[in-house]
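I opened this entry to keep a record of what I looked up in the model, going from the overall fold to single residues.

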Amino acid sequence: SMTTVPNYLNHSTWECKYHVVFTPKYRKKVFYGMIRKELRDVFHRLTKQKESVIEEGHPMPDRVHMLISIPPKHSVAEILGFLKGRSSIW
């Protein structure tokens, strides 16, 4: 079982976790299967830049499931757009 520890931000505590699924477009699935293990480090590094944390990650043959803690000062769309853009550059 997962224990949850709240995060502190100024005078408040927060626990905002989101289950996200990244799926490459059909034509990129073969390529994705070859590099998905390397993407783990890329995703962890990128989320840290945005003060977020990947709590869990499960790579599948054609997608990756992640549980991400995102501080309330960042929107989910902002973090996912950042991850999508930067990981595709990589």
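**Fold and numbering**

I began with the order of elements and found that the protein chain reads β-β-β-α-β-β-α along the sequence, which comes to two helices and five strands. I took helices (H or I, at least four residues) and strands (E, at least two) as DSSP runs, numbered from the N terminus. I note that this is a predicted model, in which local features need pLDDT of at least 70 and side-chain atom pairs count only at pLDDT 80 or more, while totals for chains, interfaces and linings use all residues. Residues are numbered from 1 along each chain as its sequence is written, and side-chain values use heavy atoms, with hydrogens and water left out.

I then looked up two totals for the chain. Of its 90 residues, 29% are buried, where buried means under 20% relative accessible area, exposed over 50% and partly exposed in between, with a 1.4 Å probe and protein chains only. Of the contacts (heavy atoms within 4.5 Å) between residues at least 6 apart in sequence, 61% join residues at least 24 apart.

**The sheet**

I traced an open sheet of three strands, in the order S3-S5-S4 and with antiparallel pairing; two strands pair if DSSP finds at least two bridges between them. Strand S3 (17-22) and strand S4 (53-59) are at the edges with a single partner strand each, so one side of each has no neighbour in the sheet. From one strand to the next the twist averages 20°, with axes being lines fitted to C-alpha atoms, for helices over the stretch in contact, and angles running from 0 to 180 degrees between N-to-C directions.

I followed S4 into strand S5 (residues 64-69) through a hairpin of four residues, and counted six bridges in their antiparallel pairing. Glu56 has Leu67 of S5 as its bridge partner, and His58 has His65 of S5.

**The core**

I asked which residues have the most contacts inside the largest nonpolar core. They are Phe22, Phe43, Met66, Ile68 and Leu83, in a core of 15 residues; such a core is a set of buried Ala, Val, Leu, Ile, Met, Phe, Trp, Tyr and Cys residues joined through side-chain atoms within 4.5 Å. At least two residues of this core come from each of S3, helix H1 (29-49), S5 and helix H2 (76-89), and H1 gives the largest share, with five. Leaving aside residues up to four places away in sequence, I listed Phe22, Ile54, Val64, Met66, Leu83 and Ser87 as touching Phe43.

**Single residues**

I checked His44 next, which is placed in helix H1 and is partly exposed at 32% relative accessibility. Its C-alpha lies 9.7 Å from that of Leu83, although His44 and Leu83 are 39 residues apart in sequence.

I also stopped at Glu51, in the loop between H1 and S4, which has a positive phi of about 60° without being a glycine. Most residues other than glycine have a negative phi. Glu51 is partly exposed, with a relative accessible area of 45%.

Last, I found Lys50 over the face of Phe82, 4.8 Å from the ring centre; the rule asks for NZ of Lys or CZ of Arg within 6 Å of the ring centre and within 35 degrees of the ring normal.
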